Amino acid sequence: MAATIIALAVSTLYIILTTLIAYWMRRYTDYYIRDPFVRSLFLEAIATGELCGACFELIIIADNWGVSMYGVYLFVLTIWWSLNWGDATACPYTHIEEVVEGTKSVRDAFLLIWAELVGGLAVFRYIQLLWALEIVSTHKNKAFEDCTTDLQVPVIFGAFIECVATCIYRVVSRGLNEINSRINVIVDSFIGTTLVIAAFDYSGGYFNPALATSLKYGCLGTSFMEHVIVYWVGACAGSIASLRVYKSPFVQQYMEQYKEKTL
């Protein structure tokens, strides 16, 4: 039991270290980089690196302490990210949504997505360094171990799961942003975490192409095309579909009724 507690404490400290490094990198970026767009590129890379770095350690937690413990950590981290990232999203399809809505150019969206991928892929070297220390048994042989896919269903079903869950989450997030309640962040985090856990044993529940690519691209059991179909096409299709779903009469009528009740 003592060893288990110590191992969990080390994983927790690694996550805290990663978030603190990202926090100070954001502070320095805000201070030193004056150009708004260049600054947003750096902030997206930092946010994605923080997200993926923490989630690498969450994999260790899920493998050793179960999905419930994983969910608790993810819930708390999601709240932290919501309060600290500002305009950064660490998620490619948010920029694709803005292109579809006409509020962002294709060039800007491409560069922001590129920055996210750089941040997400680069952070693994940092994680490798921490895992290679093998301070606790749960990190033993993890630094250079071959990863395996989280996709436990046929590709088309995996893409469908990522698509539907992403659509639901984006619709709910948009609604919460309009309601502007004090508990929005908590509700948003709870729903996001619940969806991730619900899909955990099927597609892995990533709902974020950059996160999925950082953690699982090239892993045994999934080809390049399968990875793209499930985690890029599936999630991005769900995101784009959410734009139409949110504007549907049913959702808008519900939003109007809710707003009237809260006035």
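Which residues touch the most other members of the largest nonpolar core? They are Leu 58 and Trp 81, in a core of 50 residues. A nonpolar core is a set of buried Ala, Val, Leu, Ile, Met, Phe, Trp, Tyr and Cys residues joined through side-chain atoms within 4.5 Å. Buried means under 20% relative accessible area, exposed means over 50%, and partly exposed lies in between (1.4 Å probe, protein chains only). In soluble globular proteins, nonpolar side chains tend to be buried together.

A word on the model. It is predicted, so local features need pLDDT of at least 70 and side-chain atom pairs count only at pLDDT 80 or more, while totals for chains, interfaces and linings use all residues. Residues are numbered from 1 along each chain as its sequence is written, and side-chain values use heavy atoms, with hydrogens and water left out.

Helices are DSSP runs (H or I, at least four residues), numbered from the N terminus. Returning to the core of 50 residues, α1, α2, α4, α5, α6 (184-199), α7 and α8 each supply at least two of its residues. The largest share, 17 residues, comes from α2.

Helix α1 spans residues 2-32 and holds Ile 16. Ile 16 is partly exposed, at 40% relative accessible area. Ile 16 belongs to a nonpolar surface patch with Leu 13, Leu 20, Trp 24, Tyr 28, Tyr 31 and Tyr 32. Together they have about 830 Å² of accessible area. That area comes from the Shrake-Rupley method with a 1.4 Å probe; for residues, only the protein chains shown count as cover. Patch residues have over 30% relative accessible area and no salt bridge; nonpolar side chains (Val, Leu, Ile, Met, Phe, Trp, Tyr) are joined within 5 Å, like charges within 9 Å. A salt bridge is a side-chain nitrogen of Lys or Arg within 4 Å of a carboxyl oxygen of Asp or Glu.

Next comes the loop between α1 and α2, where Ile 33 is found. Ile 33 is buried, at 17% relative accessible area. Leaving aside neighbours within four places in sequence, Ile 33 is in contact (heavy atoms within 4.5 Å) with Tyr 28, Val 38, Arg 39 and Phe 42.

Move on to α3, residues 92-101. Pro 92, Tyr 93, Thr 94, His 95 and Glu 97 are buried there. The buried residues of α3 pack against α2 (36-84), α4 (106-132), α5 (155-179), α7 and α8 (224-246). Gly 102 follows α3, with a positive phi near 80 degrees.

Glu 134 is partly exposed, at 36% relative accessible area. Asn 141 is also in the loop between α4 and α5, with phi near 65 degrees. Most residues other than glycine have a negative phi.

Helix α7 (residues 209-216) includes Lys 216. Is Lys 216 buried or exposed? Lys 216 is buried, at 11% relative accessible area. Its side chain reaches the backbone oxygen of Thr 148 at 2.9 Å. Not counting residues up to four places away in sequence, Lys 216 touches Thr 148, Asp 150, Tyr 206 and His 227.

Finish in α8, with Leu 243. Leu 243 counts as buried, at 7% relative accessibility. Beyond its neighbours within four places in sequence, Leu 243 is in contact with Glu 97, Val 100, Glu 101 and Arg 174. The C-alpha atoms of Leu 243 and Val 100 are separated by 8.9 Å, though these residues are 143 apart along the chain.

Technical notes
Polar contact = N/O pair within 3.5 Å; in protein donor to acceptor, adjacent residues only side chain to side chain.
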